[in-house]
Amino acid sequence: MRETRTARRLRARPRTAAACALAAVAAAVLPAAGGPARDASRPAAAAHAERSGAGAAAAPAQCTDPEASLRPAGEADGPAVRRIKARGRLIAGVDQNSYRWGYRNPADGELSGFDIDLVRAVAKDILGDPGKVTFLAIPTSRRIPALQTGKVDIVARTMTITCDRIRQVAFSTAYFESGQQVMVPKGSPVTAFDDSLKGKKVCTAEGSTAELKVREEPHGSSLLTVPNHLDCLVRLQLGEVDAVVNDRALAAGQAAQDPSVQLVGKPFTTEPYGVAMNLADTDLVRRVNKVLEDYRSGGAASPWMKAYDKWLAADLKGITAPPVPKYRD
């Protein structure tokens, strides 16, 4: 497999074994064995549904609670679920370089993480087999276009539900809640998302909520945007930027991998993550929400808590339950 520019730059710089493990997952990848990378009939069908307004999960005229989604459906399959069943595979847009969330495990080459487990739960519910998934690596800035063009059925990639985004794609209920935080090299004079950033160069992923926040409140800093969150860590390691603004959930995993960096200050936003889908696929939204209801149920023994304990508890301590779902119908 061809090595990416990011991976080459990481390889050229001495760093810890943990950071090497991060670099190893920066390759461009990734369909799981078998299954198509694209459903050629999907874009036209989705576009027709959006033009006609049929079944579209339209956002409220005034957005006051973007996390409110469609209630779980019964057992009847709608057109989107039937499409997935006819294909025999779920096509999911994911990350492959976010440690703990969606990353290629260098030990076995398999995709692993909290988001990956959730995707497999959706595949099991719809297709009866958690392995019937084609994973596609989607850059942060391409998550919405991948859904709008029908390249993927769902995106599960630490994607924050926002008022702007619910006008472009449909979301499930929130399955995790995080917040933006600042990451810097140890010994940095930057102490938080405040005026200690004055004169500093800050990195964010293009199209992320972190980019919007830094543009709104730069605190005297200059901004560099890159395609993926891991690219910011690379720039930080190379000394090309002074700080990274990212979701705490993602930054904590990076800090766990690279002991030369740390999180500073406190989270300064609220970031509810949802599974994203095409606006026309209302039946799929309801089906995913049904999966999430099952995933959350069972208290400490729920699949959600088991996934949290396995992937996130070491770096994101003190979480005792998943977010409570909100519905608008």
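This is a predicted model: local features need pLDDT of at least 70, side-chain atom pairs count only at pLDDT 80 or more; totals for chains, interfaces and linings use all residues.
Let me begin in helix H11, where tryptophan 304 and tyrosine 308 both sit, 4 residues apart, which is about one turn of the helix; helices here are DSSP runs of H or I with at least four residues, strands are runs of E with at least two, and both are numbered from the N terminus. Residues are numbered from 1 along each chain as its sequence is written, and side-chain values use heavy atoms, with hydrogens and water left out.

On confidence, pLDDT is the predictor's own score for each residue, from 0 to 100, and its mean over the chain is 85, with 81% of the residues reaching 70 or more. Residues 1-54 need some care, since pLDDT stays under 50 there, and for this stretch the model has 91 contacts beyond four places in sequence, a contact being heavy atoms within 4.5 Å.

Now back to the rings. Two rings of Phe, Tyr or Trp (its six-membered ring) pair if their centres lie within 6.5 Å, and planes under 30 degrees apart count as stacked, over 60 as edge-to-face and the rest as tilted; by this rule there are 13 aromatic pairs. In one of them, phenylalanine 176 and tryptophan 304, the centres are 6.1 Å apart and the planes stand at 20 degrees, so the pair is stacked. Because phenylalanine 176 belongs to strand S8 (residues 176-178) and tryptophan 304 to helix H11 (residues 303-311), this pair ties together parts that are 128 residues apart in sequence. Tryptophan 304 also stacks with tyrosine 308, with centres 5.9 Å apart and planes at 15 degrees. How buried is tryptophan 304? Its relative accessible area is 1%, and that of tyrosine 308 is 3%, where buried means under 20%, exposed over 50% and partly exposed in between, with a 1.4 Å probe and protein chains only. Ring pairs link these residues into a cluster made up of Trp101, Phe114, Tyr175, Phe176, Tyr273, Trp304 and Tyr308.

Let me turn to charged side chains. A salt bridge is a side-chain nitrogen of Lys or Arg within 4 Å of a carboxyl oxygen of Asp or Glu, and the count comes to 15. Aspartate 281 and arginine 83 form one of these, with their closest N and O atoms 3.3 Å apart. Aspartate 281 is in the loop between strand S15 (276-277) and helix H10 (282-296), whereas arginine 83 is in helix H4 (residues 79-87), so the bridge ties together parts 198 residues apart in sequence. Aspartate 281 is buried at 5% relative accessibility, and arginine 83 is buried at 16%.

A further salt bridge joins lysine 290 to aspartate 125 at 3.0 Å, N to O. Lysine 290 lies in helix H10 and aspartate 125 in helix H5 (residues 114-127), so parts 165 residues apart in sequence are tied together here. Through shared partners, salt bridges join Asp77, Lys85, Asp125, Arg287, Lys290 and Asp294 into one network.

Finally, valine 190 is found in the loop between strand S9 (180-185) and strand S10 (201-205). Valine 190 is buried at 2% relative accessible area, and its contacts beyond four places in sequence are Val182, Val184, Ser196, Leu197, Lys200 and Val264.
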